[in-house]
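Reader: Before I use a model, I want to know on what grounds each label in its description was given. Can we go through them one by one?

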Amino acid sequence: MSAAEAIQSPVQWHSTFGRRLLKRPLAVSCLAFLVVVGLVGVIAPIALPGIETQHAGNLLQVNQAPSWDHLLGTDQLGRDVLQRLLVGTRVTIVGVLEAVVVLVGIGVPVGLAAGYLGGSFDRVAMWVVDLAFSIPGIIIVILVLSLYPENMPAAMVTLGVLLAPLIVRVTRSATLQIRDAPYIDAARVSGLSGAFIVSRHVLPRVSGAVIVQVSFLAAVALGAQAGLAFLNLLVPAPAPSWGGMVQDGTNVLLIHPWLIWPPGMAIALTMLAFSLLGDVARDVSTELWSPSSTPKKRGRRSAPKRFAAVPQVETSSLLSVQGLCISFDSQAGPVLAVDDVSIDINAGEVVGVVGESGCGKSLTLAAILGLLPGNGQITGGRIDFEGRDLVHLSERELRGIRGKQIALIAQDAMSGLDPCLRIGVQLEELIRRHTGNGRRLARRRAVELLAEVHLANPEQVARSYAHQLSGGMAQRVAIARALAGEPSLLLADEPTTALDVTIQAEILDLLRELSSTRGMAVLLVSHDWGVIADVCERVFVMYSGEVVEHAAAMPIYRSPLHPYTKALLLADPRDSDRGQALNSIGGTVPHPGEWPVGCRFQARCGIAVSRCAESKVRLTNLPDGRSTRCLRVEEMQA
Amino acid sequence: MTLLSIDRLEVVYRASRRTAGVRAVDDVSFEIDRGETVGLVGESGSGKSTIGRAILGLTPVSSGTVEFEGEDIAWRPGMRRPSLRGAIQLVSQDPSTALNPARTVGDTLAETLRPAREVGKAEARRRTESMLENVGLGGVADRYPVQFSGGQRQRIAIARALMANPCLVVCDEPVSALDLSVQAQVLNLLAALQSSLGLSYLFVSHDLGVVRYIAHRMVVLYRGRVMESGPSQRIYDAPLHPYTQALLMASPVPDPAEQRRRREARSSTRPTGVGVLSPQGCPFAHRCPFTIAQCLEERPPLERSDDDRLVACHRWRALEDRVVSDNVEQQRAVR
């Protein structure tokens with residue numbers, strides 16, 4: 001989990017879906033409205049007997065506007081509109097329920113079975129689903145009604161069957177996503193039955209998607225029910241229904257236009273309540289695994305700089321990050337994720353930043369390019385690059401630097417390539433943007449770049465699409481792309497983590513070679529101490545948002561001066577034999593927002609003393625150019 | 001005493017009945033004794049995870065046998081999945097997907113006792129609590145997976161695997177997704193549980209360093225075939241097969257001087273760059289620095305070395321005295 005995720009991770013996992021839903025005002029009002037409609041449907045026909053069989057009211061008071069006697073007026077036969085509306089609710093709601101019960105009853109089991117079992121059952125089910133989509137549903141329903149006149153259950157059950165394929169599809173695709181999850185495998189290995197796995201593991205995970213679709217289809221069923229009633233196909237004559245009342249209204253539309261409003265609004269509001277409830281339900285069901293359901297705009301550029309400018313330090317470095325602080329907004333206020341980080345790199349140098357997940361190393365890299373994720377903000381420090389402070393540049397000015405002067409390669413090279421465009425085209429586009437060259441020149445340059453990263457057959461690679469490349473080739477293409485703007489600094493964020501070791505070694509060789517032949521500086525971020533040892537001249541070690549140690553590569557591995565560095569190097573299984581316990585570090589990395597006062601490693605440190613917990617530990621600069629954030633540096637040196 | 005015996009195992013993945021299919025596992029044989037850890041080492045596409053899945057009955061076996069306690073447990077296409085009643089368990093790689101986020105840790109652990117049927121609710125609860133204590137996480141049964149860090153979740157996954165008293169646990173890259181500081185905790189836990197419960201492990205990993213530490217014996221795979229197998233320490237110190245050598249040279253160690261030495265060793269042995277690979281030949285021939293004509297035409301058989309290792313290379317005897325192995329010995333002496 002990255003530092004950004006750690007902060008934004010959902011908090012309310014332990015509360016149930018229903019409880020979280022009730023925290024949303026919109027959901028509560030929709031549910032309240034639907035409950036009222038449901039109660040009216042149950043009570044009104046009992047409380048108002050005789051309305052269903054009433055052919056005519058007071059014929060002296062027809063087509064009246066709303067008054068105290070008749071709150072919603074009367075219709076063309078002098079009957080009270082409010083009473084008819086209330087009594088008509090039952091038919092409408094019962095019709096919707098019939099359709100929904102049928103479509104859930106068929107759709108969910110078939111969808112679960114098709115997704116979980118796969119194979120021939122899935123093929124047949126999907127074939128039937130596709131067939132059902134090609135049938136004009138409403139015509140079938142009318143056909144059924146011509147066989148069973150004014151038989152609402154027959155019509156609504158038919159509608160439910162015809163809508164079920166929509167639920168089948170949604171359930172199936174949600175099931176497919178988790179069918180091969182390791183926890184499902186583990187349950188299978190334990191000998192649990194398929195029925196148990198589906199009901200306990202799969203169903204809870206797909207229920208969110210199903211609820212959304214059901215609420216939408218409930219609205220569809222309501223519309224269909226009202227439409228059929230409007231056509232006088234469902235409900236025998238004197239009995240009221242919403243759709244039938246709309247029909248009554250349209251008959252006298254010119255002389256008494258008010259009459260279509262009460263049933264029309266009832267239909268519209270109920271459909272709206274179903275749809276809105278579905279929307280909120282979707283948000284609530286996905287908030288569990290998506291970090292923030294309402295992604296905010298990247299805040300860095302637009303937000304005012306609330307921190308005092310840090311004085312520039314005279315430096316000969318190509319890039320100099322000083323006192324960088326990054327924080328994220330959370331429900332509990334801003335949370336610091338990167339705290340007072342200073343990193344520098346000279347032209348042509350290869351420098352490593354090493355640390356565990358959540359230590360803030362990738363955030364630091366993202367901040368240099370002004371690409372902080374989510375609502376991350378730089379809240380302090382400066383980033384000097386070729387005489388300019390990148391923190392205070394506009395988005396437009398930064399765009400001139402990204403790719404051209406500072407390039408980035410990331411861990412997942414494949415996802416950085418457009419799957420629809422040939423590799424060569426993607427490179428040409430960049431080259432033309434950076435150099436302003438013509439198409440022909442750019443095309444030649446693209447192939448040159450691909451050759452420069454030692455792709456065996458550059459012309460052929462230029463003609464390929466991303467999916468035709470292996471992981472190692474994709475990373476080479478990503479490097480070629482980074483080189484297109486002739487950058488003086490390359491930021492590499494875990495560039496080899498996803499690759500096999502033999503391919504990793506080749507990519508690291510390539511980075512080293514490019515750095516020395518082009519004089520390009522490389523800032524390499526990795527969690528792998530072996531990778532850092534392979535290419536880096538200097539190393540910054542990060543822990544919990546801070547740089548805890550900095551030195552040239554050789555001394556940091558031979559005589560680490562921070563207990564964290566030392567403990568990590570000792571934990572390497574290569575140094576112990578089977579049967580010996582490994583030197584493990586107890587405890588876990590504290591999350592941002594849970595950092596202790598004083599040294600952040602104190603709880604896991606073997607030599608911590610009481611003063612380690614007193615106040616923030618400063619980075620101690622040692623005479624040999626090294627630095628460490630440890631109060632007991634003398635003991636470490638001994 | 002042999003617990004699991006795999007003989008001439010083949011797994012072929014087929015997209016449809018008409019296509020030829022990919023031979024993910026090709027003629028692999030090895031055995032696991034009681035209380036032993038066998039490491040399966042290889043890069044992506046080597047078939048190491050597929051072998052684990054075939055043993056667990058999660059992937060159908062195309063040919064060959066998987067014998068567990070003398071009984072054939074291979075799941076063949078068109079057959080019912082054989083039930084092992086939890087005697088072989090799984091610990092998977094990614095701690096974020098190893099546990100169902102919608103179920104409490106206690107529920108996840110307790111459900112593994114269901115197939116045995118004779119365990120009551122209170123007893124299941126008690127065993128869940130004591131198993132969680134065994135992995136150092138007492139009193140957390142009512143929490144959800146999201147409330148734990150990656151290392152803690154991996155321990156819970158181990159606890160789940162051990163609930164049904166298995167004899168063998170397939171660990172599929174159990175520490176690859178963990179940070180170094182947590183990796184050591186989990187490896188120590190696995191070792192401690194092995195000695196207290198007499199477990200056997202099949203430890204699948206791409207990391208030779210980790211496998212050398214945890215496994216008694218290792219099997220090195222490339223493209224579904226066994227390249228070399230034998231005692232882990234011997235293979236790590238003096239690999240006989242050029243592929244094992246390449247893998248060892250390429251895996252980075254936290255020591256800049258050693259890395260420089262390995263880099264030089266690597267650059268002195270570039271692949272000979274032969275043309276087309278034939279299915280009859282050695283699968284590593286196109287990347288091997290020592291390829292000769294025979295490697296392209298003839299599949300190298302597994303040969304037994306003097307120290308009881310198996311090597312599938314036409315030239316291993318000729319290459320045995322080469323520099324690479326000597327250097328590794330020297331390096332270990334220096335350290």
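Author: What follows takes the labels in turn and sets each against its criterion. The model is a predicted one.

Reader: What makes chain A more spread out than a compact globule?

Author: The radius of gyration of chain A is 34 Å, whereas the globule rule gives 26 Å for 638 residues. The value is well over the rule, so chain A is described as more spread out than a compact globule. Its C-alpha trace spans about 105 × 60 × 55 Å along the principal axes. Chain A contains 22 helices and 12 strands.

Reader: Which strands form the open sheet of chain A, and in what order?

Author: Eight strands of chain A form the open sheet, in the order S6-S7-S8-S3-S9-S10-S12-S11, and the pairing is mixed.

Reader: Why are S6 and S11 of chain A said to stand at the edges?

Author: Strand S6 (406–409) and strand S11 (620–621) of chain A each have a single partner strand, so one side of each has no neighbour in the sheet. Helix H17 (residues 471–483) of chain A packs on this sheet and touches S6 and strand S7 (489–493) of chain A. The direction of H17(A) makes about 170° with that of S6(A).

Reader: How do you know that S10 and S12 of chain A pair?

Author: Pairing requires at least two bridges. Two bridges join strand S10 (residues 546–552) to strand S12 (residues 627–628) of chain A, and the two strands run antiparallel. Glu549(A) stands opposite Thr628(A) of S12(A).

Reader: Why is H17(A) called roughly parallel to H18(A)?

Author: The axes of H17(A) and H18(A) cross at roughly 15° and come within 10 Å. Angles under 35 degrees count as roughly parallel, so that label applies to H17(A) and H18(A). The crossing is right-handed. On the H17(A) side the contact is made by Gly471(A), Gly472(A), Gln475(A), Arg476(A) and Ile479(A), and on the H18(A) side by Ile503(A), Glu506(A), Ile507(A) and Leu510(A). By class, these residues are four nonpolar, three polar and two charged.

Reader: What makes H4(B) roughly parallel to H5(B)?

Author: Helix H4 (residues 150–162) and helix H5 (residues 180–197) of chain B pack at about 15°, with axes 9 Å apart. The angle is under 35 degrees, so H4(B) counts as roughly parallel to H5(B). H4(B) passes H5(B) in a right-handed crossing. Among the residues of the contact are Gly150(B), Gln154(B) and Ile158(B) of H4(B) and Val182(B), Val186(B) and Leu189(B) of H5(B). The contact has six nonpolar, four polar and one charged residues.

Reader: How many residues are in contact between chains A and B?

Author: 50 residues of chain A are in contact with 52 residues of chain B. Helices of chain A that each supply at least two residues to its side include H9 (194–230) and H19 (529–535). The largest share comes from H8(A), with seven residues. The side of chain A that touches chain B has 27 nonpolar, 13 polar and 10 charged residues.

Methods: Residues are numbered from 1 along each chain as its sequence is written. Chains are lettered from A and ligands numbered from 1 in the order in which they are written. This is a predicted model: local features need pLDDT of at least 70, side-chain atom pairs count only at pLDDT 80 or more; totals for chains, interfaces and linings use all residues. Helices (H or I, at least four residues) and strands (E, at least two) are DSSP runs, numbered from the N terminus. Two residues are in contact if their C-beta atoms, placed from the backbone, lie within 7 Å. Axes are lines fitted to C-alpha atoms, for helices over the stretch in contact, and angles run from 0 to 180 degrees between N-to-C directions. Ala, Val, Leu, Ile, Met, Phe, Trp, Tyr, Cys and Pro count as nonpolar, Asp, Glu, Lys and Arg as charged, and the others, Gly among them, as polar. Angles under 35 degrees count as roughly parallel, over 145 as roughly antiparallel, 65 to 115 as roughly perpendicular and the rest as oblique. A crossing is left-handed if the near helix is turned anticlockwise from the far one by less than a right angle, and right-handed if clockwise. The radius of gyration is taken over C-alpha atoms; the globule rule is 2.2 Å times the number of residues to the power 0.38.
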